Amino acid sequence: MTLHQNLINGEWAGGEAVPNINPSNTNDVVGEYARATAQDTLRAIAAAKAAFPAWSRSGILERHTILRKTADEITARKDELGRLLSREEGKTLAEGIGETLRAAQIFDFFAGEVLRLAGEMLPSARPNIGVEITREPVGVVGIITPWNFPIAIPAWKIAPALAYGNTVVFKPAELVPGCSWAIVDILHRAGLPKGVLNLVMGKGSVVGQTILDSADINAITFTGSTGTGKRVAAASVEHMRKFQLEMGGKNPFVVLDDADLGVAVEAAVNSGFFSTGQRCTASSRIIVTEGIHDRFVAAVTERLKSIVVDDALKPGTHVGPVVDASQLKQDEDYIAIGQQEGAKLVFGGERLTRDNPGFYLQPALFTEATNQMRISREEIFGPVASVIRVKDYEEALYTANDTPFGLSSGIATTSLKYATHFKRNAEAGMVMVNLPTAGVDFHVPFGGRKGSSYGPREQGRYAAEFYTVVKTAYTLA
């Protein structure tokens, strides 16, 4: 089997081979990927630092062309790359292809942004003086990505970093290196100069820690757990570098008495269980007013009975496997905790057996949960959701906001009054009305507040806030 190597200073470099296992079929090895060492990571950082002066001053047409070529190749290979994504992460093939197309759209968007780089010309308060305000690249950017969106999240970090003239040291999640390797390979062949983009696959405790410890990393963008995010923050403050964190969520989905029941059920089921619930924007707290509660629970239970859990590549599969054995155990542990806390498990929660050995879990639905239970406070990151009964809209809003997180929030209602009030008062970075809490377009800002996010937003034109620094220059006329 071919060893997929790390890319350091424009050259493919070997290392210890680590198998990439398909969670739908643990007998299927997706590929073997090299594990970088701390020394490999230091060489990658040095290469990025050396490449920065030339790349930061490169022409906009060069950068545009590379990103445009990348978008085109990802689009042309969407079926192949989508299948790779589904094999290594466990999303259904439709979700894998959809995420791949989103990555292509992100590269296409930032190819355009390269041609739209702009500043400001202002008059000074003093006579005969001109003022220019421009944005410049921040430097060497360390990128650390999670396993749940193995092509989209690397795309929405790498594309703006390169578009604005930064160089990159990229560490993908060790669990899903395949899509990340493919993106780097495409960018490399599209014409990136050596050292501009460096790929170092491997353990967070080795590769990630080396990135955190380096004074030559000027900025770090991280998506992952809250605990690791705090370590990124502490290390970045030590070096006085910019840092951007996207971390956990415990997203609420509110269902009011006046909601369209069909719309509410589809949005709640999609929010809580699709992509195996392994989305930071997934809604695992479903907050339902008492007038519709029983009808809603009955309808969701019926809807869950129709969901097919099976191999991600199998036609007709709605929900694929959990990503690995560790995550499966975590999901099962939280299901046990919910029952111990007194919540009622009304559907699912059992491990499933399919044709191939894999990490299959029936989606689990709790009722009679309270907002103080651990299953309502802590991120589970699996197909597990709890229904919390409340009296009215005011209690629903209070409960929705009573969380240390603030990424996404949703409401199902036919009332313009309540929809408008919720959009204004939900303490979250993203708010959805009659839509799933997961799902943000590629050209709009993504991010949250409170314990979910720190720093500027990702995606869209807002990405410039993180990947550039502002300079003010004066000229005497």
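How many residue pairs are in polar contact between domain 1 and domain 2? Point 4 gives the count.

1. **The model.** This is a predicted model. Please read every value below as computed from that prediction.

2. **Overall build.** The protein has 15 helices and 25 strands. Its C-alpha atoms fill a box of roughly 70 × 65 × 40 Å along the principal axes. The radius of gyration is 23 Å. A compact globule with 477 residues would have a value near 23 Å, so the two agree.

3. **Two domains.** The domain assignment gives domain 1 as 3-247 + 452-476. Domain 2 covers 252-433. Note that domain 1 is written as two stretches of the chain. The C-alpha centres of the two domains lie 31 Å apart. The contact takes 24 residues from domain 1 and 27 residues from domain 2.

4. **What joins the domains.** The opening question can now be settled: 9 residue pairs are in polar contact between domain 1 and domain 2, both residues of each pair being at pLDDT 80 or more. Salt bridges between these domains number 0. Keep the two counts apart when you describe this contact.

5. **Area of the contact.** The size of an interface is often given as the accessible area lost when the parts come together. Between domain 1 and domain 2, about 2,000 Å² is buried. Carbon and sulfur atoms give 57% of that area. On the domain 1 side, Ser24, Trp147 and Ser452 supply 26% of the area buried against domain 2.

6. **The domain 1 side.** Which elements give two or more residues to the side of domain 1 that touches domain 2? They are β5 (25-35), α3 (78-89) and α4 (93-114). The largest share comes from α3, with 4 residues. By type, this side of domain 1 divides into 6 nonpolar, 11 polar and 7 charged residues.

7. **A link between β5 and α3.** Asp28 lies in strand β5. Arg87 forms a salt bridge with Asp28, and the closest N and O atoms are 2.8 Å apart. Why is this pair worth a look? Arg87 lies in helix α3 and Asp28 in strand β5, so the pair ties together parts that are 59 residues apart in sequence. The two side chains are also joined by a polar contact of 2.8 Å. Leaving out residues up to four places away in sequence, Asp28 touches Asn20, Ile21, Asn22 and Arg87.

8. **A pair within one helix.** Arg43 forms a salt bridge with Asp40. Here the closest N and O atoms are 3.3 Å apart. Both residues sit in helix α1 (residues 38-56). They are 3 residues apart, so about one helical turn separates them.

9. **The salt-bridge total.** The count for the protein comes to 28 salt bridges. The Arg87 and Asp28 pair is one example of a salt bridge, and the Arg43 and Asp40 pair is another. Between domain 1 and domain 2, the count is 0.

Technical notes:
Residues numbered from 1 in each chain as written. Heavy atoms only, no water. Domains from an automatic or database assignment. Contact = heavy atoms within 4.5 Å. Buried area = accessible area lost by both parts, 1.4 Å probe. Salt bridge = Lys/Arg side-chain N within 4 Å of Asp/Glu carboxyl O. Polar contact = N/O pair within 3.5 Å; in protein donor to acceptor, adjacent residues only side chain to side chain. Nonpolar A, V, L, I, M, F, W, Y, C, P; charged D, E, K, R; others polar. Rg over C-alpha atoms; globule rule 2.2 N^0.38 Å.
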